[in-house]
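Dear colleague,

I am passing on the structure below, and my notes on it follow. Please read them with the structure open beside you.

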Amino acid sequence: MTKVVNYITDAFEELKSNVTWLPWSEVQRLTIIVAIFTVVFALATWGVDEVFRKAISGFFNLIKG
């Protein structure tokens, strides 16, 4: 158990002393950019899914006669 506690303590010390953190304003700006691209890619995926759904449905309706 001592090894686990030492590992966690060392990890937090590493985060405090050796990691370069971005300024808060930069973090907010990048978070907004990621959120926008996530929505755009989700809508693009939905659009492609709808096109394939309609194409496959049309294909099977054509086969069914």
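**Salt bridges and a surface patch**

E26 is partly exposed, at 25% relative accessibility, where buried means under 20% relative accessible area, exposed over 50%, and partly exposed in between (1.4 Å probe, protein chains only). This is a predicted model, in which local features need pLDDT of at least 70 and side-chain atom pairs count only at pLDDT 80 or more, while totals for chains, interfaces and linings use all residues. Residues are numbered from 1 along each chain as its sequence is written, and side-chain values use heavy atoms, with hydrogens and water left out.

The side chain of E26 forms a salt bridge with that of R29 (2.8 Å, N to O), the term meaning a side-chain nitrogen of Lys or Arg within 4 Å of a carboxyl oxygen of Asp or Glu. Both residues belong to helix α2 (residues 24–64) and lie 3 residues apart, about one turn of the helix; helices are DSSP runs of H or I with at least four residues, numbered from the N terminus. R29 is partly exposed, at 43%.

The count of salt bridges comes to 2, and E50 with R53 make up one of them (2.9 Å, N to O).

A nonpolar surface patch, with about 990 Å² of accessible area together, includes I8, F12 and W21. Patches take residues with over 30% relative accessible area and no salt bridge, joining nonpolar side chains (Val, Leu, Ile, Met, Phe, Trp, Tyr) within 5 Å and like charges within 9 Å; accessible areas come from the Shrake-Rupley method with a 1.4 Å probe, and for residues only the protein chains shown count as cover. I8 lies in helix α1 (residues 2–17) and is partly exposed, with a relative accessible area of 41%.

Notes: Helices (H or I, at least four residues) and strands (E, at least two) are DSSP runs, numbered from the N terminus.
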